[in-house]
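User: I am new to this protein chain and would like to be walked through its model. Please take me from the whole chain down to single residues.

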Amino acid sequence: MEPAIQLSFQSGGKKPRRRVSFNRGGRGEAKRPALLLAAVGGAETERDATAAAAFSGSSDALGAPGPAMAAPCLEDPSLERHFKGHRDAVTCVDFSLNTKQLASGSMDSCLMVWHMKPQSRAYRFAGHKDTVTCVNFSPSGHLLASGSRDKTVRIWVPNVKGESTVFRAHTATVRSIHFCSDGQSFVTASDDKTVKVWSTHRQKFLFSLSQHINWVRCAKFSPDGRLIVSASDDKTVKVWDKTSRECVHSYCEHGSFVTYVDFHPSGTCIAAAGMDNTVKVWDMRTHRLLQHYQLHSAAVNALSFHPSGSYLVTASSDSTLKILDLMEGRLLYTLHGHQGPATTVAFSRTGEYFASGGSDEQVMVWKSNFDVVNYGEVLRVQRPLATLASSSRTLPEVDSPVPPGRGRSQESMQSQPQEPVSIPQTLTSTLEHIVGQLDVLTQTVSLLEQRLTLTEDKLKQCLENQQLIMQRAPP
């Protein structure tokens, strides 16, 4: 059985900010948030996993006292860094493409762009007049989109200047924002009960999707950009065809407000979280409910798929993050780090890290560790991920109202990694540079289009004025 692991950050001589109590045994004191990982693969319950570690008598299990952090085994997630700079609850997080930047939004009306490189100063962007509810980097990483309770959307250039463009069309709080995979458009969801699609570089609203009958909390593009999925307080999840602008299916299995939804990396499944404390996974081809998890004791606020498609991380108002193994259909880890509700969570594009935010005003960056394959190499060459339809990787049907019971050890639960494709570093850097230059070129063309439009309008106005003058002139 894998023991629970207590990782504590000690601060000699200083008053601790937080105290963590255990079921049995001693207490851990920490200036930085303490972290408890319960590997429940070999325990009847999360409590049993913790108690087993307490009785094991191993100093490695609970963390040896001293100024240094106890070293976790390589397979366990670990708290890598935490950022503090927001003045109110953190509502959203997102990594840039190269994982060099992490953006977060807060009820303090500001965006923060944190640098993963140590000792680097963060950027604070002020522009929204109310809570920042959502953030999302463009696929290239050169743009950052945000939505707010002030009913506006802003597109920022994530550098020290922090320049932004404002988009207006919603008539209520903007809850969600997400770029299409080509970066040419983005989708928003709002309390005005609509889902709206926008052009990124033309900087204009394109069309609305309006069949929800209550607030829409989340909307996401499919990996191929053809579909949009939305989640609403009307207890439904709807799938839309972007081209026809029609709702092609509705999922109605949630018993309360649906807070979050996202596509599986393969595009064949969707997962949704709800105020009913559940996470549900559907097959979009058959519309069957494949998996049902009821592992949290409070509302599930957000979720994120690992790029491999094998794992799902959730954030809940019960203050925990949970990592699910979708191939085994079971809970792998419960992470206790935030004080108060965990409001948001997101994997990096490579899956090496995931970030979380909470009502404690903190942003935490965790190292995944549980998957050794370098998915960054796979993603760079656009190698298709294993689909859930393949016989060896079929997503099992699971109904899990309580934490799963005894099973195989943690090591045996690891999915066999696919052989990564090796790409020369020089080629990768060149391709990334080309993508960046193309993005700049697209923005330049967009500016030229705007100036041309202004020139045409002025010319049209001059011609109209000339016609009026000629009409008024005596014969």
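Predicted model: local features only at pLDDT ≥ 70, side-chain atom pairs only at ≥ 80, totals over all residues.

Analyst: Residues are numbered from 1 along each chain as its sequence is written, and side-chain values use heavy atoms, with hydrogens and water left out.

User: How many helices and strands does the chain have?

Analyst: Helices (H or I, at least four residues) and strands (E, at least two) are DSSP runs, numbered from the N terminus. Counted in this way, the chain has four helices and 33 strands.

User: What percentage of the residues of the chain counts as buried?

Analyst: A residue is called buried under 20% relative accessible area, exposed over 50%, and partly exposed in between, with a 1.4 Å probe and protein chains only. Of the 475 residues of the chain, the part that counts as buried is 53%.

User: Where does UniProt place the feature "repeat: WD", and what is the strand content of residues 335-367?

Analyst: The unreviewed UniProt entry places this feature at residues 83-124, 125-156, 167-208, 209-250, 251-292, 293-334 and 335-367; such positions are given in the numbering used here, feature names are shortened, and annotations may be inferred rather than shown by experiment. Over residues 335-367 the end C-alpha atoms are 12 Å apart, and the chain there is 0% helix and 61% strand.

User: Which strands pair with β27?

Analyst: Two strands pair if DSSP finds at least two bridges between them. Strand β27 covers residues 311-316, and six of its six residues are buried. On one side of the pairing list, five antiparallel bridges link it to β26 (residues 300-305), where Leu 303 has Thr 314 as its bridge partner. Five bridges, again antiparallel, also join β27 to residues 320-325, which form β28.

User: Is Thr 194 buried or exposed, and which residue's side chain makes a polar contact with its own?

Analyst: Thr 194 sits in the loop between β15 (185-190) and β16 (195-199), and it counts as buried because its relative accessible area is 11%. A polar contact is a pair of N or O atoms within 3.5 Å; within protein, one must be able to donate a hydrogen and the other to accept it, and residues adjacent in sequence count only if both atoms are side-chain atoms. At 2.6 Å, the side chain that Thr 194 meets in this way is that of Asp 192.
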